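The entries follow in the order I checked them.

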Amino acid sequence: MFSDLSIDDQFDELGMNLDVPFVPTHESVVKAMLELGAVDADDVLYDLGSGDGRIPVAAALEHGARAIGVEIDSGRVALAQAYAAQMGVEDRVCFIQDDLFEVDFTPATVVTMYLLHTVNLQLRPRLLNELRPGTRIVSHTFDMGDWKPDGRVSLKGGGIFLWVVPAQVAGHWHWQAADGTQYRLELQQRYQKLTGELWINDQPAELEAALLWGDLLELVVHEDATYGAESIVLHCRDDRLVVVSEYQKGAVARRVT
């Protein structure tokens, strides 16, 4: 697919004056990035530092997604627009000339990047605070420091990393089950990693695990020593946690200040 791009366009010195030098992503890496991000036709993909446009075009052409490329260099924006038209996906792909530190990427369900480690770290606060929980972030080669990835694919000469933006669930929560049982939960959070304590009817209960995947929180609870562990799955909705598993389904946990 990328053989249609001019060799003269693939390597030049324009990017050396930018925050990230332009290095084109190999077709096999693009394929692996989109597969790791589980991109499909329901997604809105933002490619930060989109260069010649190959990732957004592939997302639209191979996965049916809508895609937006963000590129600060006007020449590459023009090249990418022409490439999208050539491949017949201009109705699902657009490219904007903008600074990736300033652009509004909040509509994204998937963000792809091939930047630098230092740039990833600079972007990390915005990615965590502005993207909706559950948004997938896929980075080629460079990680996010102490924010450990949720998935990784090893490739020759590097790797691809996946993160799922976690909901902010740290704090104290309280809810009541339909049978009147009272639950009180205290969580500490570091990115997607959780620790915490649980009380049932004001008695300490064994919280075997608290697992966070985007906007879904699972509590693995030993309420009674004579029975096995029970799983309570909650969906994070604004400042509420709504039980979506059959056990206690519909119960609503609210923050306790």
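I looked for a charge over a ring and found arginine 184 over the face of tryptophan 199, 4.2 Å from the ring centre. The criterion is NZ of Lys or CZ of Arg within 6 Å of the ring centre and within 35 degrees of the ring normal.

I note that this is a predicted model, where local features need pLDDT of at least 70, side-chain atom pairs count only at pLDDT 80 or more, and totals for chains, interfaces and linings use all residues. Residues are numbered from 1 along each chain as its sequence is written, and side-chain values use heavy atoms, with hydrogens and water left out.

I searched the whole structure for aromatic pairs and got 4. Tryptophan 147 and tyrosine 191 are a stacked pair, with 5.8 Å centre to centre and 15 degrees between the planes. Rings of Phe, Tyr and Trp (its six-membered ring) pair if their centres lie within 6.5 Å; planes under 30 degrees apart count as stacked, over 60 as edge-to-face and the rest as tilted.

I then placed the two residues: tryptophan 147 is in the loop between strands E5 (136-140) and E6 (151-155), and tyrosine 191 in the loop between strands E9 (182-190) and E10 (193-200), so the pair ties together parts 44 residues apart in sequence. Strands (E, at least two residues) and helices (H or I, at least four) are DSSP runs numbered from the N terminus.

I checked burial: tryptophan 147 and tyrosine 191 are both buried (under 20% relative accessible area, with exposed over 50% and partly exposed in between, 1.4 Å probe, protein chains only). Trp147 and Tyr191 belong to one aromatic cluster with Phe161 and Trp163.

Of its 257 residues, 46% are buried.
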